[in-house]
Amino acid sequence: MGVLSRHAARAAATFSIATLFASLVTPALAETSGINAADTAWMIAATALVLMMTIPGLALFYSGMVRKKNVLATMAQSLAAVAIISVLWVAFGYSLAFVGDGPWLGTLDRWFLAGMKMDDVNPAAKTIPEALFMLYQMTFAIITVALVAGAVADRMRFSAYLLFSVGWFMFVYVPLAHWVWGGGFLATMGVLDFAGGLVVHLSAGVGGLVAAKVMGRRHGYGTENLAPFDLSLAVIGTGMLWVGWFGFNGGSALSASPRAVMAITATHLAACAGALTWGAIEWSTRRKPSVLGMISGAVAGLGTITPASGFVAPWHGIVIGIIAGLFCFWACTSLKQRFNYDDSLDVFGVHGVGGMTGTLLAGVFATTAIGGTSGLLEGNPQQLLIQFYGVAVTLLWSGAITFVLLKLVGAFVPLRVSLQQEMEGLDISQHGEALQ
Amino acid sequence: MKLVVAIIKPFKLDEVRQALTAIGVHGMTVTEVKGYGRQKGHTEIYRGAEYVVNFLPKLRIEIAVSSELADKAVDVITQAARTGQIGDGKIFVTPIDHALRIRTGETDSDAL
C-alpha cells in the first residue's frame, strides 16, 4: 500500500512538472496549430517513400522492360519528371490544386509558397505542417507524370517529352487533383479516391493510351524482338514501388493513425493477390508463370487497391487484388492485341485499367467502419454511381487534354525521334550516352 | 597438328575444361558466341507478346593439339559436354599448317 502510494505521488509529481514544463516551453503553438509530432514524423517518412517510387522505383521498373539501347533514356524521363514537376508544383501547382475550394480550380494565393509559415497547416491536413503536406502531394504529381512516359517509351523525343510533361501537369494533373482532393466538384459530390485511383492511375493510364495512339507503334512492333533488356532491374523497381506504396496509400490517411495501418494492410494484400493471380493465369494458360507476369500482377494489385485503400477492410484487398490480376492481365494481352495499339510498358493495361477498376470497387466495398462511407455491399448503391461519374470525368478529361496537348507540342517539336535514331537507340540519340 | 573447335552449352565449360586438362591439354581459348542449329532457338513471352529468340548463347572453345591427341580430345569433349538434349553443340577438327609461340619463337609442335 505504502509502495503504491509512493509510486502514485511520484507519478503525480512527474506529471505536474511535465505539464508545467510543457506549458513554459510551448505555451500556445500546440493548441493553435494542432501540429502533431507523430503525424509529422510519419508523413515525412511517407513523403520520402513516395519520392523513392519514382527514382529509383519507377526508373528501374520501366528501364528494365525496355531494350538496352533505351535504358538511360527511360530513366531520364523519370529523373526529368522529378526535377521539372517539383519546381512547377512549388511555383503554382500546389496552390491551384490545394489552396481554395472553387469547384474547378484553387487559387494562386500560395504561388511559390507565398506567405507560408513554419506552423501553418492546410485545412485538408490539420496536424502536419503545410510545407510537408505540399511536399507529400508533390511526390504524387511527380510519379503521375513519370508514369505516362511508359506508354511512349522507346520512341518519344526528349524535348517533346519535356514540353508535353509540363502541359500535362498543368492541364490534366493539377485540375484533377483539385477536383478530387482539393475541394473541387468531384470532392463535393463524394467521389472516393483515397490515394489516386483517378488522379494518378486512371489519368496516367488514359494519357498513356492516347499518347501511344497519337505517337504510333514502335518500329518493329509485332515483327522484331522487342524483349526486355533486364527484368531483374524491373523486379528491383517493383520492390521499391511496392514498399513506396506503403507511403503512397498509408500516407494518404495524412496521419499516423489506425486508418493508415488498415490502408497499408489492404495495399500489401492486394499486391500479393495480384501477383499470385497473374502468375496463376500464365501458369494455367502458358505453362509457365513469368517473372514479368508476377511483377505486373503486383503493380496491378497496388494500383487497383489505391483508390479503395482507406475505405475498405484489409481482406477486401485480397479480393480487389485478384480482380486486378484478372482485368489487367486481360487488358495487357487480349485488349491490347485486339485494338493493336503499342502501349510500350502497359501503362493503360496496368494503371489505367487498375485505377478504373479500383475506383469502382471502392464504391462496392467501402465500409463505414474504416472510412466512414458505405458502399454497395453496405446498401449504398448511390456510391457506385458516383464512382462511375468520377471515372467518366477522368477518362474524358485526361484523354481529351492529352490528345490536344500532343497535337500542340507536335506543332512545335517532332514528337518522335527519326527512324534511324529509333533504331540506334534513344540513349545515344537523345543523351549521347549508352550502356556498354 | 589439329585445331579442335567445340561449340558447347555455357554451363558445361568447367566439365569440359577438367576433362581436357586430365588428358594433357594445357591451354584453350573460350569465346562467348550466339547461334543456332536444329534447335532453332526458343520462344519467349512477355505480357502476351511472343518473341522467337533464334540465336542462343553458346561457348566456342578452341584448342590446338598434336594430331595424336586430337581424337582423344574430341572424345572427352563429347562426353563432358553431352546432356542428351537438343542444343548440346558441335565439334569441328581442322588441320593446322603452322604454329608459333610468340614469347620464345618456338614453332609447330614445340609451340603447342
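The structure is a predicted model. Chain A and chain B bury about 1000 Å² between them, and one salt bridge is counted across that contact. Over all chains, 13 salt bridges are found. The largest nonpolar core holds 133 residues.

**Nonpolar cores**

- Within the largest core, of 133 residues, the residues with the most contacts inside it are F61(A), W89(A), F140(A), M156(A), F169(A), Y173(A) and F248(A).
- Beyond its neighbours within four places in sequence, F61(A) touches L233(A), A234(A), G237(A), T238(A), L241(A), I295(A) and V299(A), and also R47(B) of the other chain.
- Another core, of 16 residues, lies apart from the largest one; V4(B), L59(B), I63(B) and V65(B) are among its members.
- In soluble globular proteins, nonpolar side chains tend to be buried together.

**Contact between chain A and chain B**

- Chain A contributes 18 residues to the contact and chain B contributes eight residues.
- Of the area of about 1000 Å² buried between the two chains, 56% is on carbon and sulfur atoms.
- On the side of chain A, N225(A), R286(A) and L292(A) lose the most area to chain B, and together they account for 33% of what that side buries.
- The one salt bridge between the chains joins D346(A) to R47(B), with the closest N and O atoms 3.2 Å apart.
- R47(B) is also in contact with F61(A), a residue listed among those with the most contacts inside the largest core.
- Four residue pairs, both members at pLDDT 80 or more, are in polar contact between chain A and chain B.
- Three helices of chain A, α10 (258–286), α11 (291–305) and α12 (314–339), each supply at least two residues of the side that touches chain B.
- The largest share of that side, three residues, comes from α12(A).
- Sorted by class, the side of chain A that touches chain B has 11 nonpolar, four polar and three charged residues.

**V235(A)**

- V235(A) sits in helix α9 (residues 231–250) of chain A.
- V235(A) counts as partly exposed because its relative accessibility is 36%, between the limits of 20% and 50%.
- Leaving aside neighbours within four places in sequence, V235(A) is in contact with V291(A) and I295(A); I295(A) is also in contact with F61(A).
- G57(A) is 178 residues from V235(A) in sequence, while their C-alpha atoms are 9.6 Å apart in space.

**H178(A)**

- Helix α6 (residues 158–180) of chain A contains H178(A).
- The relative accessibility of H178(A) is 0%, so this residue counts as buried.
- The H178(A) side chain reaches the backbone oxygen of G102(A) at 2.5 Å.

**Salt bridges within the chains**

- Side chains of opposite charge can pair when their charged atoms come close.
- In chain A, R67(A), D154(A), R218(A) and D342(A) are linked in a network of salt bridges.
- In chain B, D88(B) pairs with K9(B), the closest N and O atoms being 3.5 Å apart.
- That pair links distant parts of the chain, 79 residues apart: D88(B) is in the loop between α2 (67–81) and β6 (89–95), and K9(B) is in the loop between β1 (2–8) and α1 (13–22).
- D88(B) counts as buried because its relative accessibility is 15%, and K9(B) counts as buried at 12%.
- E62(B) and R60(B) meet through their side chains in a salt bridge, at 3.6 Å from N to O.
- E62(B) is partly exposed at 22% relative accessibility, and R60(B) is partly exposed at 30%.
- E106(B) forms a salt bridge with R101(B), where the closest N and O atoms are 3.0 Å apart.
- E106(B) has a relative accessible area of 30%, so it counts as partly exposed; R101(B), at 26% relative accessibility, is partly exposed.

Technical notes
Residues are numbered from 1 along each chain as its sequence is written. Chains are lettered from A and ligands numbered from 1 in the order in which they are written. This is a predicted model: local features need pLDDT of at least 70, side-chain atom pairs count only at pLDDT 80 or more; totals for chains, interfaces and linings use all residues. Side-chain values use heavy atoms; hydrogens and water are left out. A nonpolar core is a set of buried Ala, Val, Leu, Ile, Met, Phe, Trp, Tyr and Cys residues joined through side-chain atoms within 4.5 Å. Buried means under 20% relative accessible area, exposed over 50%, partly exposed in between (1.4 Å probe, protein chains only). Contact means heavy atoms within 4.5 Å. Buried area is the accessible area (1.4 Å probe) that two parts lose on being put together, summed over both. A salt bridge is a side-chain nitrogen of Lys or Arg within 4 Å of a carboxyl oxygen of Asp or Glu. A polar contact is a pair of N or O atoms within 3.5 Å; within protein, one must be able to donate a hydrogen and the other to accept it, and residues adjacent in sequence count only if both atoms are side-chain atoms. Helices (H or I, at least four residues) and strands (E, at least two) are DSSP runs, numbered from the N terminus. Ala, Val, Leu, Ile, Met, Phe, Trp, Tyr, Cys and Pro count as nonpolar, Asp, Glu, Lys and Arg as charged, and the others, Gly among them, as polar.
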